Amino acid sequence: MTFFLEVLIGGLLSGVLYALVALGFVLIFKASGVFNFAQGAMVFFAALTFVGFTEVLPGWTGLEPGSGGVFWLAFALALASMIVLGIATEKVVLRPLVNQPPITLFMATIGLTFFVEGLAQAIWGANARGLSLGISDEPVMWILDDFDIIISKFDLIAAGIALVLFVVLALLFQYTRVGRALRAVADDHQAALSVGIPLKHIWAIVWGVAGFVALIAGLIWGSRNGVQFALTFTALKALPVLILGGFTSVPGAIIGGLIIGASEKLAEIYIGPFVGGGIESWFPYVLAMFFLLVRPEGLFGEKHIDRV
Amino acid sequence: MNTANTTAATAAAPYLSVNNIEVIYDHVILVLKGVSFEVPQGGIVALLGANGAGKSTTLKSISNLLRAERGDVTKGSVEFKGARVDQMTPNELVKRGVIQVMEGRHCFGHLTIEENLLTGAYTRSVSRSELKDSLEKVYHYFPRLKTRRSSQAGYTSGGEQQMCAIGRALMAKPEMILLDEPSMGLAPQIVEEIFEIVKDLNSKERVSFLLAEQNTMVALRYADFGYILENGRIVMEGEAKELANNEDVKEFYLGLSGEGRKSFRDVKHYRRRKRWLS
């Protein structure tokens, strides 16, 4: 039983991180109807930019390598770059394509993926690097003592950061003027336009926020698996999460992430041995495919409100 | 087609004037072929006409929502209080006091009624207490909205949605509302209720209205002045009362004629073919 719980909790915690990446997709899809294929590349870009700055900053400023000052300065600079990247993408790539069919926009974001990946490596180099957030990956002692379950401290803190981020975003969306406008735009572009909500501002804000979310995801994923090109593939795990949770639902992204995280770990442990293992990497996609057959709009996808 | 002399309220400079505008969709489809009219301050003006006559397009070319549908005003100009507004974004125009209530209501379905109303105040940067006052004012005119304030707009009735859409526009403190087909799909009683509120807003809040309607009879009862659009041109204009008594209008839009009721089939055959312009 404790082993089961250990696997389950470990799965849930990594699920939170999938949800974090999925959130970036959802935000943009909801507000502008664009499926931003480049979100994974943005995560990679964010992590690499952060690491890059931590490497060069000591040289530029004379701060001690690895100190808190370098960390926060690099964080601020990486955040600024992500917001600039997000807003620039919206302005340069997507705005000229406004009113084009969704497939055109989708293709544009695929192109963008390659561009962003290339740009990141052109600036900072292509070799894999480590990223340390100063949180050690060790079991939390009191849980181990009291319940006999091994839970990584790193996973726990990462999940905590992600949850705080979710809550903050949810509150912003629910109770602020801009948040309301954002949901309004997600519901009905035209009507939002008609009451004087400037779509361009809203889109810029959404892309900025998506950049920020990508940065957080990039930091956590990067410090877990190293900052390398494979990060963009990890980000693609967000796809089954989205299919499960629904493309337009923030809670759906979270729940979907948890389900995917938990089920892939459990499947690996309990089904894996029968089929020779390695099930973790493809099980989520199978689950998603099954879901597509049964409930194509996802668990929490936009229920189309139809009046009869 | 100048009507400056026909309405008493028209001052030297017209309040809203649309001058000979031509609208083309998608670079090829010519929808408006030189439409001109004016709305006096504090007036209710009705744009009438059949399906596809260009009523909605006219409203959208004033509120500049046209560009979002790949439409373009290629000729002519729109002036509001003496300044050209045709190159403005809807956001700027709402700040100047002109707001459109779109055809088909377009409430934000997943937002509550109250949130819907609050989005209407997006362009005003005002304090919480001022927002509250505005909300109360809207609830004063639409008491029904108050009872439904926390329901999702998508689950309210058509009439409530129409009220929500008008209330949302009111939250922007407009001087002028462009109201597109408020009667669409609503029971006659609700239509009556909504038009009464429009009249009320007009007389008490001094909001001017430009109204696009297919429901000619009701629209002419509440408007001061009317224009009839056909095939993207204005073919007739006049005081609402005159129009309501005009034989052709009666026959074409109200289905009435001098010799009493007539089968619609006959109307179609000999009269309907007569157009003012073709």
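Mentor: What follows goes from domains to sheets, then to the helix on them, and ends with the partner chain.

First the ground rules. This is a predicted model, where local features need pLDDT of at least 70, side-chain atom pairs count only at pLDDT 80 or more, and totals for chains, interfaces and linings use all residues. Residues are numbered from 1 along each chain as its sequence is written, while chains are lettered from A and ligands numbered from 1 in the order in which they are written.

Take chain B. Its domain assignment gives domain 1 (16-240) and domain 2 (246-278). Such bounds come from an automatic or database domain assignment. The C-alpha centres of domain 1 and domain 2 of chain B lie 29 Å apart.

Now the elements. Helices (H or I, at least four residues) and strands (E, at least two) are DSSP runs, numbered from the N terminus. Two strands pair if DSSP finds at least two bridges between them.

Start with the open sheet of four strands in chain B. Its order is S2-S1-S4-S5, and the pairing is antiparallel. S2(B), residues 29-39, and S5(B), residues 83-84, stand at the edges with a single partner strand each, so one side of each has no neighbour in the sheet.

S1(B), residues 16-25, pairs with S2(B) in the antiparallel sense over eight bridges. Follow that pairing residue by residue. Val23(B) stands opposite Leu32(B) in S2(B). Ile24(B) stands opposite Leu30(B) in S2(B). The two strands, S1(B) and S2(B), form a hairpin with three residues between them. In the turn sits Asp26(B), with a positive phi of about 55°.

S1(B) also pairs with S4(B). Eight bridges join S1(B) to S4(B), again antiparallel. Here Leu16(B) has Phe80(B) of S4(B) as its bridge partner. A general point for reading such strands: in a regular strand the side chains alternate between the two faces of the sheet.

Next, the other open sheet of chain B. Six strands form it, in the order S6-S7-S8-S3-S9-S10, and the pairing is mixed. The edge strands are S6(B), residues 98-101, and S10(B), residues 233-239, each pairing on one side only. On average, neighbouring strands of this sheet are turned by 15° against each other, direction ignored. For such angles, axes are lines fitted to C-alpha atoms, for helices over the stretch in contact, and angles run from 0 to 180 degrees between N-to-C directions.

S9(B), residues 225-230, meets S10(B) in the antiparallel sense over six bridges. Gly226(B) has Gly238(B) of S10(B) as its bridge partner.

Which elements does H1(B) lie across? It lies across S3(B) (44-48), S6(B), S7(B) (176-180), S8(B) (208-213) and S9(B). It runs at about 150° to S7(B). Contact here has a cut-off: two residues are in contact if their C-beta atoms, placed from the backbone, lie within 7 Å.

Now back to the four-stranded sheet, S2-S1-S4-S5 of chain B. Its S1(B) and S2(B) are the antiparallel pair with eight bridges. H1(B), residues 55-63, packs on this sheet too, touching S1(B), S2(B) and S4(B) (71-80). The direction of H1(B) makes about 70° with that of S2(B).

Last, the partner. 17 residues of chain A are in contact with 28 residues of chain B. On the chain A side, the elements that give two or more residues are H7(A) (177-187) and H8(A) (189-194). H7(A) provides the largest share, six residues. By class, the chain A side has eight nonpolar, four polar and five charged residues. The classes are simple lists: Ala, Val, Leu, Ile, Met, Phe, Trp, Tyr, Cys and Pro count as nonpolar, Asp, Glu, Lys and Arg as charged, and the others, Gly among them, as polar.
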